[in-house]
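I went through it by topic and wrote down what I looked up.

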Amino acid sequence: MNRGASTQDRVLIAGAGPAGLTVAALLAEAGVAATVLESEAALPTNLRASTFHPPTLEMLDRFGATEKLVAQGLIAPTFQYRDRAAGKLAEFDFGELADVTTRPYRLQCEQYKLNFALKDYVEAQGGVEIRFDAAVAAVEQSSDGVAAVLAGGERIEGRWLVGADGARSAVRQSVGIPFEGFTWPEAFLVVSTPFPFEDAFDDLCWVNYFADPEEWFFLLRAPDFWRVMFPTGPEESEAEIFDAAKIQRRLNRVLPRPDPYPIAHTTLYKVHQRVAERYRAGRVFLAGDAAHINNPLGGMGMNGGIHDAINLADKLRQVWFDGADYSPLFAHYTRQRRKGQIDYVQAQSIQNKETLGERDPILRAEKLAAIRHQSETPALHDAFIRRSC
């Protein structure tokens with residue numbers, strides 16, 4: 001165990017979100033000294049990602065995190081595609097994966113609960129320091145080391161640095177890696193309400209995609225609330241979007257009712273589809289939202305970041321202890337994770353959005369018929385389930 005490492009003989013991790021803390025947990029497990037640098041004063045408890053897919057749950061089992069999440073979350077064994085006017089179109093069942101996974105379901109649980117579980121694991125293992133109020137502003141590196149320069153000017157040295165500091169990553173910007181892609185013209189509004197939609201719709205499951213050419217929406221049950229996500233028009237100002245009467249009108253298009261819907265939270269997201277040109281620059285790596293962001297339809301962003309972390313931390317361990325030749329090993333990290341991000345996560349999340357909001361009546365009918373056909377054809381159903389997670 002590398003408990004007596006000097007300040008320089010460690011891995012630096014910018015960001016204490018799911019990706020950064022997963023790297024920290026794996027390094028702690030392996031006995032690699034690390035320092036996590038988080039800009040916030042404490043782990044945030046804001047409502048962000050809330051979907052964990054089967055492979056991710058299996059990966060997190062080793063830290064005892066999955067059982068904690070299951071205890072605090074909501075198991076969703078199926079998900080549906082629906083038409084706003086016609087009703088249920090198709091249902092996909094994760095149970096078909098029971099022969100290949102111990103977790104044949106989606107788990108709905110807020111990501112901050114994972115962060116707390118991973119922090120507990122890291123602290124119990126020892127050897128990894130987590131520093132708050134420590135925003136990384138820039139990165140400096142040489143042939144044999146790297147330094148994180150904090151916003152206040154403090155310079156912290158290490159052997160490698162993982163930038164898991166979010167979509168606006170200062171690490172990524174500091175090393176000059178382009179963030180390629182585009183931003184959707186509409187923002188997404190998420191409204192959380194305790195209203196029991198499950199009592200009002202026939203055969204509703206916990207995860208539901210509603211197609212509509214005028215205003216599609218996504219209806220997802222989290223442990224405490226239903227979360228309803230709507231696209232907003234690029235012409236709408238934030239004041240218009242958050243207007244209480246307009247939010248009620250949107251909810252009444254989901255389900256008309258005489259009384260106002262109770263509102264617990266509202267959040268507005270700018271939505272991007274971007275992938276870093278490369279995931280490594282010298283001794284600096286990118287993971288999670290610092291490396292890729294996508295629209296939330298399908299719940300793949302956080303999961304992909306955790307998968308990045310598992311992949312990268314294992315390679316760091318091999319270099320640290322086994323003397324592996326790091327140049328080809330780390331080049332493999334970019335090839336594996338970036339290709340998967342572009343070919344699957346970006347492609348699937350873009351397809352999900354375009355299908356739900358398709359306006360051309362012929363294309364719309366074709367896309368919805370294809371989804372129904374996939375759900376009713378066993379081989380296509382299984383392939384779709386595997387791709388979605």
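**Entry 1: A379**

I started with A379, which sits in helix α11. The model is a predicted one, and I keep that in mind throughout. I then looked up how far A379 lies from K246. The two are 133 residues apart in sequence, and their C-alpha atoms are 43 Å apart in space.

**Entry 2: the six-stranded sheet**

I traced an open sheet of six strands and noted the order β8-β2-β1-β12-β21-β20. Its pairing is mixed. Which strands stand at the edges? I found β8 (128-131) at one of them and β20 (280-281) at the other. Each has a single partner strand, so one side of each has no neighbour in the sheet.

β1 (residues 11-14) and β2 run parallel and are joined by four bridges. In that pair I13 is opposite V36 of β2. β12 (residues 160-163) is also paired in the parallel sense with β21 (residues 284-286), over three bridges. Here I noted L161 opposite V284 of β21.

I also checked where the side chains of β2 (residues 34-37) go. A34 and V36 point one way, while T35 and L37 point the other way. All four residues are listed as buried.

**Entry 3: the three-stranded sheet**

I then took an open sheet of three strands, in the order β13-β19-β22. The pairing is antiparallel. β13 (179-183) and β22 (292-293) are the edge strands, and each pairs on one side only. I counted five bridges between β13 and β19 (residues 272-276), in the antiparallel sense. F182 has Q273 of β19 as its bridge partner.

**Entry 4: D212**

I found D212 in the loop that connects β15 (207-211) with β16 (217-221).

Next I looked at what surrounds D212. Its side chain reaches the backbone nitrogen of E214 at 2.9 Å. Leaving out residues up to four places away in sequence, D212 touches R84, R253, L356, G357 and R364.

**Entry 5: the second largest pocket**

I put the space in the second largest pocket at about 320 Å³. Its lining has 16 residues, and those nearest the centre are H307, Y344, V345, R387 and C389. I asked which helices supply at least two lining residues each. They are α2 (54-60), α8 (301-322), α9 (326-356) and α11 (378-388). α9 gives the most, with five residues. By class I noted six nonpolar, seven polar and three charged residues in this lining.

**Entry 6: the cavities**

How many cavities of 30 Å³ or more does the structure hold? I found two.

The largest cavity has about 90 Å³ of space. I listed its lining as H53, F79, Y81, F94, R106, Y209, G298, M300, Q348, N352, F384 and S388. Two or more of the lining residues come from each of β5 (78-83), α9 and α11. The lining has six nonpolar residues, five polar ones and one charged. I note that α9 and α11 are named again here, having also supplied residues to the lining of the second largest pocket.

The second largest cavity holds about 30 Å³. Around it I listed L47, V190, V191, S192, R227, H265, T266, T267 and Y269. β14 (188-193) and β18 (265-269) are the elements that give two or more residues to this lining. Which of its elements gives the most? It is β18, with four residues. By class the lining divides into four nonpolar, four polar and one charged.

Conventions. Residues are numbered from 1 along each chain as its sequence is written. This is a predicted model: local features need pLDDT of at least 70, side-chain atom pairs count only at pLDDT 80 or more; totals for chains, interfaces and linings use all residues. Side-chain values use heavy atoms; hydrogens and water are left out. A polar contact is a pair of N or O atoms within 3.5 Å; within protein, one must be able to donate a hydrogen and the other to accept it, and residues adjacent in sequence count only if both atoms are side-chain atoms. Contact means heavy atoms within 4.5 Å. On a 1 Å grid over the protein atoms alone, a cavity is a set of points where a 1.4 Å probe fits but cannot get out, and a pocket is an open set with protein on both sides within 12 Å along at least five of seven lines; lining residues have an atom within 4 Å of a point. Grid points are joined across faces, edges and corners, and a volume is the space filled by probe spheres set on the points. Ala, Val, Leu, Ile, Met, Phe, Trp, Tyr, Cys and Pro count as nonpolar, Asp, Glu, Lys and Arg as charged, and the others, Gly among them, as polar. Two strands pair if DSSP finds at least two bridges between them. Buried means under 20% relative accessible area, exposed over 50%, partly exposed in between (1.4 Å probe, protein chains only).
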